[in-house]
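Hi,

Here is the structure I said I would pass on. Have a look at it first, and my notes follow below.

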Amino acid sequence: MPRDHWKYEGMLAAPDRGGFLPILPLPHHDPTTPLAIADMADAFGVTHRTLHFYEEKGLLTAARMGPMRIYNEEHIRRMAVINACREIDMPIAAILELLTGLAATEDQADADRLFREALLARRRELAAQQANLRRQMQRITELLESGDGSGPEADDDDHVHLSPIESECLTFMAEGYPAPRIARLMEMDVAAALTLEAGIIRKFGANNRFQAIAKAVIAGMITAE
């Protein structure tokens, strides 16, 4: 159902941008009652400056009652979308692209599909960032161990020190999972899983994953099935 064009006595309504918006939870407020800027900011837990910033970037508009900014139901629903996107740190440019696409949608299903695609794209971006962070953390661990004499080469008792991420990976290796499956289980890309596995093999002084697993079993680090 198309949204009504809002008009109030003494208030200039912002033009309807058209299209549909995904249906998201709204603040505990009657959306049919317009909000002043202070109430709008309080409802979404943002500042006046944030709302002004969104207007400057073309993400949000406001109706006017004299010099006052007034936000109607469509503005509130639009802000709910913007706020949800900012909570997952979606870039402003990506939010603007999403809203532009939503303005061209012809029905609710189309809007829901577009929003879902944007969320999935953001999840892929975050997964890639997570994989990079895992690799960086692993590299830091390796550098620290090689620099403080705690690496496997310096251990008198031949005990291998593994980080929590390495221990998790070793467990999956021992269960026979290939690198692509380990990558999915640990929510990283295959390249990161292969790098992690290679680091574990190197720490055990092994030539391959099977030797590393055998040494881990002998050391009592994992249990043979």
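**What I found**

Read along the sequence, the protein chain runs β-α-α-β-β-α-α-α-α-α-α-α, with 9 helices and 3 strands in it. Helices (H or I, at least four residues) and strands (E, at least two) are DSSP runs, numbered from the N terminus. Before the details, the ground rules: this is a predicted model, where local features need pLDDT of at least 70 and side-chain atom pairs count only at pLDDT 80 or more, while totals for chains, interfaces and linings use all residues. Residues are numbered from 1 along each chain as its sequence is written, and side-chain values use heavy atoms, with hydrogens and water left out.

Of the 225 residues in the protein chain, 37% are buried; buried means under 20% relative accessible area, exposed over 50%, and partly exposed in between (1.4 Å probe, protein chains only). Take contacts (heavy atoms within 4.5 Å) between residues at least 6 apart in sequence: 61% of those join residues at least 24 apart.

Now for α2, residues 48–56. Its buried residues are L51, Y54 and E55. Seen down the axis of α2, they fall within an arc of 100 degrees (taken from the directions from the helix axis to the C-beta atoms), so they line one face of the helix. R49 and E56 are exposed on the other side of α2. The cover over the buried residues includes α1 (37–44), β3 (68–71), α3 (73–87) and α4 (92–103). Just after α2, G58 has a positive phi of about 80 degrees.

L51 turns up again in the largest nonpolar core, which has 29 residues; M40, L51, M79, I82 and I95 have the most contacts inside it. A nonpolar core here is a set of buried Ala, Val, Leu, Ile, Met, Phe, Trp, Tyr and Cys residues joined through side-chain atoms within 4.5 Å. The elements giving two or more residues to this core are α1, α2, α3, α4 and α5 (108–147), and α3 supplies the largest share, 6 residues. Leaving aside neighbours within four places in sequence, I82 touches Y54, L59, L60, I95 and L99. Apart from this core lies another, of 22 residues, among them I182, A183, M188 and A212.

Cheers
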